[in-house]
Amino acid sequence: MKREIPLIITAIFGSFMVIDYFVPHPTVSGFGEMLQQWAIIVVAFAYVLGVANIARISGQKITRRSRDWPYQFPLLAGLAFMLTVGIIWGVGERTLFNDFYLYAYSPMQGTMFSLLAFFIASAAFRAFRMRSFGAALLAIAAVIVMLGRVPVGAMIWDKIPVISDWIMNVPQMAAKRAIMIGASLGAISTGLKVILGIERNYLGGD
Amino acid sequence: MERFDRRYIFLVIFVIVLFPLIWPLGLPIRVSKEVRGAYVAIDKIPPGSKVYFACDYDPGSMPELHPMTIAILNHLFSHNVKVIGGCLWPGAPPLLEEAFNKVAVEKYGKKYGVDFVNLGYKEGREVVMVSIGRSIPSTFPADFYGTPVSKFPVMQGVNSLSDVAMIVNISAGYPGTKEWVQQVQSRYHVAIASGCTAVSAPEYYPYYQSGQLVGLLGGLAGAAEYEKLVGIPGTATRGMDAQSLGHLAIIVFIVLGNLFYLYLKKKGKLARR
């Protein structure tokens with residue numbers, strides 16, 4: 001029964017959500033709305049578990065003196081600080097939480113993001129090799145699209161943006177559509193397997 | 001080549017990006033049809049209508065996506081369109097708040113709760129999207145500050161997404177534009193305009209071509225094009241010069257890398273002979 005009950009629940013509610021998509025009757029949609037509210041409430045608990053998990057793992061790293069264990073102190077201190085100021089003084093405009101968010105967290109995240117430019121340039125020099133016809137085609141397409149997406153491309157040659165648009169709208173789009181249709185068929189198949197109890201990995205364990 | 005010190009590359013990129021930020025080049029910006037599509041669709045929204053602004057990004061994508069938020073909000077508020085903002089990314093509500101204050105309050109003198117509202121963040125991803133489609137007030141009973149949404153005049157007459165003229169989604173990834181199209185557009189047939197990171201834009205081109213998106217702004221370039229259309233140059237327009245030179249530098253690095261590769265390959269072959 002340990003496995004059968006979850007499988008029955010999944011089959012009933014999974015099938016119901018499929019019916020809910022196609023049947024706009026108020027009884028069906030009313031029950032569907034209630035199920036979604038349940039899902040939102042259950043998912044919110046994941047945050048509580050997440051905080052508890054970070055505290056537990058970081059605590060273990062500190063007590064065991066694992067690799068980079070001193071970094072766990074600022075992590076835990078930051079977590080405790082933001083939680084405390086958020087709960088006591090709120091998270092809205094002109095609060096300590098908001099100030100730290102906008103003037104500490106935001107610039108730090110922006111800095112991390114901007115470092116990508118340096119690594120992409122380095123990778124372009126060291127790894128973007130035209131070792132085969134396919135690789136050469138990829139490199140040429142990348143160069144045209146990169147130039148076509150910025151003003152300097154049209155200054156070099158006014159046809160570059162046109163070619164770049166064609167690459168994006170024809171070969172790129174064809175490949176993307178094929179991938180999307182394939183992935184969607186896979187998702188439908190997996191969904192059906194879960195509802196029918198064929199796919200049981202989500203139950204975990206033995 | 002493996003022994004080449006990559007700090008020289010970092011230095012070149014730093015100088016090349018910094019230069020146009022200090023001394024702007026003013027390169028002309030060409031508007032793509034995807035960006036124009038979003039502009040035209042938003043421009044057609046009658047004054048007084050309501051738009052759901054789905055702000056789905058965090059500070060990591062702020063340099064690329066925040067200029068889009070600012071430019072589109074400029075367009076919406078200049079046309080007296082009312083904006084209902086909601087977020088599916090936990091880091092997004094303060095960014096939306098900052099954008100509302102900068103554009104709606106300081107520039108157009110709009111009032112919170114009357115002309116716009118920030119519903120804050122709700123966990124649940126696709127489930128929240130579908131739930132908003134059914135009922136916004138039951139999904140977001142209170143706004144970002146904890147005030148019941150029923151108290152706001154802007155929320156009067158708004159129950160589901162069928163009551164808004166359009167969804168504008170600024171997306172940094174998952175959950176984002178793909179999920180809005182799959183879960184909401186296909187189900188409730190609401191017009192969606194998307195602004196997304198440059199790296200994710202190719203994924204959304206099929207949605208634009210199929211008409212499931214009315215417009216698509218890709219990366220900083222898309223934001224700069226929108227700024228040009230609304231006639232308010234901002235950080236994206238200033239950033240385009242830097243991005244132009246940055247792209248050129250990366251292309252030069254690709255060419256140089258391949259020239260070295262061919263040279264070493266030829267040298268290896270000669271040595272074998």
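**Exercise 1. Work out which elements of chain B make β-α-β units with strand 2 of chain B, and of which hand.**

Step 1. Strand 1 (residues 50-56), helix 3 (residues 62-78) and strand 2 (residues 82-87) of chain B form a right-handed β-α-β unit. Right-handed here means that, with the strands pointing away from the viewer, the path from the first strand over the helix to the second runs clockwise. Helices (H or I, at least four residues) and strands (E, at least two) are DSSP runs, numbered from the N terminus.

A quick note on the model before going on. It's a predicted one, where local features need pLDDT of at least 70, side-chain atom pairs count only at pLDDT 80 or more, and totals for chains, interfaces and linings use all residues. Residues are numbered from 1 along each chain as its sequence is written, while chains are lettered from A and ligands numbered from 1 in the order in which they are written.

**Exercise 2. Decide whether the two faces of strand 2 of chain B are buried or exposed.**

Step 1. Recall that in a regular strand the side chains alternate between the two faces of the sheet.

Step 2. Sort the residues by side: K82(B), I84(B) and G86(B) sit on one, V83(B), G85(B) and C87(B) on the other, and all are buried. The cut-off for buried is 20 or more other C-beta atoms within 10 Å of the residue's own, with C-beta atoms placed from the backbone.

Step 3. Six of the six residues are buried, so strand 2 of chain B is largely enclosed by the rest of the structure. For chain B as a whole, buried residues are 54% of 273.

**Exercise 3. Describe how helix 8 of chain A packs on helix 8 of chain B.**

Step 1. Get the geometry: helix 8 (residues 171-195) of chain A and helix 8 (residues 201-209) of chain B pack at about 90 degrees, with axes 9 Å apart. Axes are lines fitted to C-alpha atoms, for helices over the stretch in contact, and angles run from 0 to 180 degrees between N-to-C directions.

Step 2. That angle makes the two helices roughly perpendicular (65 to 115 degrees).

Step 3. List who meets whom: Q172(A), M173(A), K176(A), R177(A) and M180(A) face P202(B), E203(B), Y205(B), P206(B) and Q209(B). A contact means C-beta atoms, placed from the backbone, within 7 Å.

**Exercise 4. Find which helix of chain B gives the largest share of the side that touches chain A.**

Step 1. Count both sides: 51 residues of chain B are in contact with 49 residues of chain A.

Step 2. Helix 10 (235-272) of chain B is among the elements giving two or more residues, and its 15 residues are the largest share.

Key
A residue is buried if 20 or more other C-beta atoms lie within 10 Å of its own, exposed if 12 or fewer, and partly exposed in between; C-beta atoms are placed from the backbone. Angles under 35 degrees count as roughly parallel, over 145 as roughly antiparallel, 65 to 115 as roughly perpendicular and the rest as oblique. Two residues are in contact if their C-beta atoms, placed from the backbone, lie within 7 Å.
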